[in-house]
Amino acid sequence: MLGLTKLAVGPGNVALAERPEPRPGPDEVVVEVAAAGICGTDLHIHDGEYATEVPVTMGHEVSGTVVELGDGVDPDWREARVVTETYYSTCGVCELCRAGRINLCPERRSIGTHVDGGFAPRVLLPARGLHRIPDWLDATVAALAEPLACVCHSLLEPERVGADDEVLVVGPGPVGLLAAEVAKARGARVHVRGTARDERRLEAARELGFATSVVGEQLNAPADVVVECSGHESGMAFGLESVRRGGRYVQIGLAGKRIAVKLTLEDGQGNVKALSRKLQVPGR
Ligand SMILES: [Zn+2]
Ligand SMILES: [Zn+2]
């Protein structure tokens with residue numbers, strides 16, 4: 001079976017390569033892949049900026065159909081249309097696992113980074129991570145369930161966006177637009193910010209009913225909540241400048257490398273204040 005595979009660490013080293021055919025062990029299934037999203041993380045993996053256990057087939061935003069069941073899997077899963085969580089395994093005993101927060105387990109091994117993922121015709125998955133999707137939901141759209149879940153974790157658990165908040169989303173890519181939709185669903189007013197190069201994405205944002213602006217344009221007022229989805233140093237700097245006093249700043253975009261972000265503010269007379277006075281630093 002061919003999979004789009006990260007073959008060795010460092011930049012590049014990605015190619016279609018022959019990979020072992022998945023065989024389900026106990027409590028595992030094989031899913032025939034219908035669609036797999038290309039995540040920003042996949043681009044970082046390509047560029048050698050994200051830890052992977054090579055060789056590994058990439059792809060963690062997967063939808064498809066269950067075609068093989070291992071021992072102990074409920075037969076109801078056979079032929080089910082599904083999406084999946086990205087964890088292949090977690091330790092099950094650490095404090096976070098026992099609290100049900102398995103996404104934060106330090107021993108977490110995920111598809112597309114530690115074990116073969118969804119850029120292949122079939123993928124091996126633990127049955128416990130499957131979620132059934134309704135018949136009416138297109139499989140390509142369903143592959144967005146994973147980034148949508150990330151956005152919901154970031155904005156709603158605990159809640160960081162409320163009704164009537166002015167929300168600024170920096171970075172109008174798919175995750176930025178999903179974040180804008182989630183904020184809108186909470187009753188917030190949302191503004192989406194991009195660069196001149198993002199014009200097509202900003203047009204999509206306007207079609208979805210959001211106000212937009214590009215780098216260089218002024219904002220009318222500081223935001224109650226900034227959701228940074230670009231992962232770019234300049235986007236983060238702009239976001240930190242644009243949040244109001246006592247506001248909230250949520251970092252979703254990954255920089256993939258060491259960057260410099262100014263965590264002090266100047267008051268115009270050369271006095272410097274710690275940014276933490278401006279931000280509510282969430283206790284997590
Ligand atoms: Zn992703
Ligand atoms: Zn754990």
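Two strands are paired if DSSP finds at least two bridges between them; strands (E, at least two residues) and helices (H or I, at least four) are DSSP runs numbered from the N terminus. The model is predicted: local features need pLDDT of at least 70, side-chain atom pairs count only at pLDDT 80 or more, and totals for chains, interfaces and linings use all residues. Residues are numbered from 1 along each chain as its sequence is written, chains are lettered from A and ligands numbered from 1 in the order in which they are written, and side-chain values use heavy atoms, without hydrogens and water.

**View 1. An open parallel sheet of five strands.** The strand order is S13-S12-S11-S14-S15. From one strand to the next the twist averages 25° (axes are lines fitted to C-alpha atoms, for helices over the stretch in contact; angles run from 0 to 180 degrees between N-to-C directions).

**View 2. Strands S11 and S12 with helix H5.** Five bridges join S11 (166-170) to S12 (189-194) in the parallel sense. Valine 169 has valine 192 in S12 as its bridge partner. H5 (174-185) touches S11, S12 and S14 (223-228) (contact: heavy atoms within 4.5 Å), and its direction makes about 165° with that of S12.

**View 3. The zinc ion (ligand 2) and its cysteine donors.** Cys91, Cys94, Cys97 and Cys105 coordinate the ion through SG at 2.3 Å, with the spacing C-x2-C-x2-C-x7-C. Donors are N, O and S atoms within 2.8 Å of the metal (3.2 Å for Na, K and Ca); water is not among the atoms, so sites may look incomplete.
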